[in-house]
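My entries follow in the order in which I checked them.

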Amino acid sequence: MEYISTRGKVEPIGFIDAILMGLANDGGLLVPKHIPQLSADTLQSWSKLSYSELALEIFSLYVNNEIPRDELKQLVDESYATFRDEAVTPVKRLSDDTYVLELFHGPTFAFKDIALQFLGNLYSYVSRKTNSIIHILGATSGDTGASAIEGVRGKEGIRICILHPHQKVSKVQELQMTTVNDANVLNLSVEGTFDDCQRIIKELFADVEFKHRYHLRAINSINIARILAQTVYYFYAYFQLPQEGQAAKVNFSVPTGNFGDIFAGYLAQKMGLPINKLILATNENNILEKFVQEGVYQPGEFRGTYSPSMDIQVASNFERYLFYLYGEDAAAVNAIMEQFKAEGRVVIPADKLKTVQADFAAYGVKNDECLDTISDYHAKYEYLLDPHTACGVAAADKLAVAGEVTVSLSTAHPAKFDESIRLRGIAQTYPEQIQALFDKPQFQKVVGGSNDEIKDELVKFF
């Protein structure tokens, strides 16, 4: 297995080099040179595996023996031993045709733990094996930061700096990041939006000389390891459905802002998992919905919503999908991204739009609709959704067809977004780990949104 850039100007590289490169040196995103194809027999043999066993099988397809299987197994087992539920990502039935895939049982109560516990251990492994320094630089709209910090805090040979948009994440999300006082952790609160933070990250990684001088590594979903780790729970969820559920057409509804989580589902589908429909759920920052419906990808006005982790206009993983939409034609992708950089929009032709609409259904959930869904499901099923999960459930309710089974991805524990949930008069009890955060001091620095200011902070830290 080798990895190539969506822009075609990087020589094929192996798994570990791909993880270390993060953003491709030509500014593109790394993808596997070929997607493994799974037979029905393989899927059947995997259907009874535990989560960790399944993760090992899937990672093995992409690691290409660069990590010996026994050492890879140890990495996987260590990564998921920290989860509070034995199933790691349990599936909960709400009705005959509605299921919720709970992805929030990791250390920071968010789906990002599933990939970042593994990536943190992987970076630590690579640092030990190669005696190398690893400086992680990432941006977060709320959950990635806490999960990434938890994955590497206190680990020798690794330092991590996380940018988050100042006062644009939930209080619990902020506390999970900024109450960590380990010497290898730096939190920068950036005056601006998550898109500003993400732009800074991409531009610093595109500065190849700076990237190499300071040993910068990526923790965001531009890193292909994040995507590979997230494909696992699509397979696992499918296998957890009752047999009659598997016999039906199975949809996955995915709340997404950066296109990473739903791209992982797309990859699982291309590997051979019989997904009927991938439902792309957005909030009022609905650039991706407009792309699926109209074939126009163009950032609009930023809107603050009750689902802040999805308050994103420029989806960093969108380029990976374009690569497959255009038949793995890197030259075409390169031209499109140059056009986007120059004009701020992408328009695809009618034949490509037809393909997009075969791959995805999409729905943008309004603010009040999100809260209505939380209220309705709490009353009907005594099940509390966080606002992001509520967007996925609302989209499923809108787009699923009778006779189909839909699994909605629950991306965060509702305790992380109590500000929104309290607006509907619903009281909840915080888990002990989250309640304890409110008594801890915070450690963060508020900075402006210029590349040079961030560079100065990084040079002092690293």
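Which helix gives the most to the lining of the second largest pocket? I found that H6 does, with three residues. This is a predicted model, where local features need pLDDT of at least 70, side-chain atom pairs count only at pLDDT 80 or more, and totals for chains, interfaces and linings use all residues. Residues are numbered from 1 along each chain as its sequence is written, and side-chain values use heavy atoms, with hydrogens and water left out.

**Second largest pocket.** I noted a volume of about 250 Å³. A pocket here is an open set of points on a 1 Å grid over the protein atoms alone, where a 1.4 Å probe fits, with protein on both sides within 12 Å along at least five of seven lines; lining residues have an atom within 4 Å of a point. Volume is the space filled by probe spheres set on the points, which are joined across faces, edges and corners. The lining has 14 residues, and Glu150, Arg153, Gln176, Leu437 and Lys440 lie nearest the centre. Helix H6 (143-152) and helix H20 (432-435) each supply at least two of the lining residues. Helices are DSSP runs of H or I with at least four residues, strands are runs of E with at least two, and both are numbered from the N terminus. By class I listed seven nonpolar, four polar and three charged residues. Nonpolar covers Ala, Val, Leu, Ile, Met, Phe, Trp, Tyr, Cys and Pro, charged covers Asp, Glu, Lys and Arg, and the others, Gly among them, are polar.

**Largest pocket.** The volume is about 680 Å³. I counted 20 lining residues, with Arg7, Lys202, Glu203, Met337 and Lys341 nearest the centre. Helix H8 (194-206), helix H14 (318-325) and helix H15 (330-343) are the elements that give two or more residues to this lining. H8 has the largest share, seven residues. The classes are eight nonpolar, three polar and nine charged.

**Strand E4.** I then turned to E4 (residues 98-102), where five of five residues are buried (under 20% relative accessible area with a 1.4 Å probe, protein chains only). Thr98, Val100 and Glu102 point one way, and Tyr99 and Leu101 the other. E4 runs antiparallel to E3 (residues 91-95), with four bridges between them; strands pair if DSSP finds at least two. A hairpin of two residues joins E3 to E4, and arginine 93 has tyrosine 99 as its bridge partner. E4 also runs parallel to E14 (residues 404-410), through five bridges. There, valine 100 stands opposite serine 408.

How values were computed: Buried < 20%, exposed > 50% of the residue type's maximum accessible area, 1.4 Å probe, protein only.
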